[in-house]
Amino acid sequence: MSDILTLTRPDDWHLHLRDEAALASVLPYSARQFARAIVMPNLRPPVTTAAQAVAYRERILAALPKSGPGLDFQPLMTMYLTDNTPPDEIKRAKEAGVIALKLYPAGATTNSDAGVTDLRKTYATLEAMQREGLLFLVHGEVTDADIDLFDREAVFVDRVMGPLRAAMPELKIVMEHLTTREGVQYVAGSDRFTAATITPQHLLFNRNAIFTGGLRPHYYCLPVLKREEHRQALLQAVASGSAKFFLGTDSAPHASQLKEAAVCGAGCFTALSALELYAEAFEGIGALDKLEAFASHHGPDFYGLPRNTGTVTLKRESWTLPTAVPFGEAQLKPLRGGETLNWKLIA
Ligand SMILES: NC(=O)N[C@@H](CC(=O)O)C(=O)O
Ligand SMILES: [Zn+2]
Ligand SMILES: [Zn+2]
């Protein structure tokens with residue numbers, strides 16, 4: 001068993017960088033690990049126009065470290081789809097270098113108030129995306145009050161994906177942060193226009209982690225962690241080596257006082273140790289040989305972008321994750337902060 005793992009430089013296909021001081025605090029962690037990242041548009045207010053996406057990209061580039069690793073990090077921009085996104089905006093988006101739009105069903109997750117209330121209202125815009133070759137990134141959860149929270153993804157797969165795919169046969173769709181057996185089965189059985197990202201927390205933990213010895217807010221994200229059988233389905237999906245599944249951390253920083261509160265915001269912060277966490281998950285199922293394609297090949301191949309040329313190196317070495325790091329004026333607690341990890345990114 002090797003103690004050194006060298007991979008083609010990976011990308012993060014689902015990342016929350018936030019804005020202003022928070023952006024400056026978290027960006028270096030991702031820039032150090034990843035060459036590129038799909039940057040999520042759920043700011044307040046959300047990034048709903050091409051012009052806003054361009055301005056946000058400028059703020060990200062301006063916040064990059066001026067020396068050391070990560071200088072050449074490339075943010076890949078997305079826009080937040082609303083009921084009212086005009087089809088005309090898609091051409092402007094494409095010209096501006098925006099590569100995808102994100103579906104937040106209204107009320108499904110952090111900053112989703114402006115999200116879509118009925119997907120059919122957006123069909124003209126989705127058709128424009130299909131035509132222009134922009135991807136559709138989906139937070140795949142229904143929000144109906146009568147659906148159990150743990151069933152939101154399975155019901156989305158059952159009710160929404162069929163009609164959506166029938167209406168837009170060649171729209172590239174990424175089911176983001178997949179969490180269930182039903183989701184895995186759907187994506188594995190789908191055509192070449194459909195893929196999914198998988199987070200480290202959904203590979204490493206089941207829902208017991210939220211409740212072990214008390215309520216643990218740092219394990220609360222959306223879609224929420226699921227039963228063990230679903231985690232096993234996700235592990236099998238990545239172990240299969242299928243090109244339909246790729247890395248998307250969904251690293252979603254929230255200040256610790258907002259996590260450790262009566263109402264806890266949804267999101268796990270993993271950017272500090274994302275590759276290490278994935279390595280641990282893959283090693284746990286004897287699939288370290290599948291990590292490179294998952295982290296570095298399947299994503300760019302699906303997006304139609306070139307693979308990166310450089311490499312990163314992980315070493316088998318114990319180290320302790322900090323319990324907290326600065327987050328603007330506040331503090332940010334990484335998932336598994338204070339615990340020992342077995343892999344370390346060294347170059
Ligand atoms: N995943 C999360 O739990 N939270 C994300 C939003 C999202 O990706 O749904 C966030 O922006 O905080
Ligand atoms: Zn989401
Ligand atoms: Zn997310």
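Predicted model: local features only at pLDDT ≥ 70, side-chain atom pairs only at ≥ 80, totals over all residues.
Numbering starts from 1 along each chain as its sequence is written, while chains are lettered from A and ligands numbered from 1 in the order in which they are written. Local features need pLDDT of at least 70 and side-chain atom pairs count only at pLDDT 80 or more, but totals for chains, interfaces and linings use all residues.

View 1. The "active site" annotation on Asp250 comes from an unreviewed UniProt entry; positions follow the numbering used here, feature names are shortened, and annotations may be inferred rather than shown by experiment. Asp250 sits in the loop between β9 (245–247) and α9 (256–259); helices (H or I, at least four residues) and strands (E, at least two) are DSSP runs, numbered from the N terminus. Asp250 counts as buried because 27 other C-beta atoms lie within 10 Å (buried is 20 or more, exposed 12 or fewer, partly exposed in between, with C-beta atoms placed from the backbone). Skipping neighbours within four places in sequence, Asp250 is in contact (C-beta atoms within 7 Å) with His14, His177, Thr199 and Cys221.

**View 2. The shell around ligand 1.** Asp250 turns up here too, and the residues around ligand 1 also include His16, Asn42, His139 and Cys221; the cut-off is a C-beta atom within 6 Å of the ligand.

**View 3. Ala106 in its loop.** Ala106 lies in the loop between β5 (100–103) and α4 (123–132). With 14 other C-beta atoms within 10 Å, Ala106 is partly exposed. Leaving out residues up to four places away in sequence, Ala106 touches Thr143, among others. Those two are 37 residues apart in sequence and 7.7 Å apart in space, C-alpha to C-alpha.

Technical notes: Contact = placed C-beta atoms within 7 Å.
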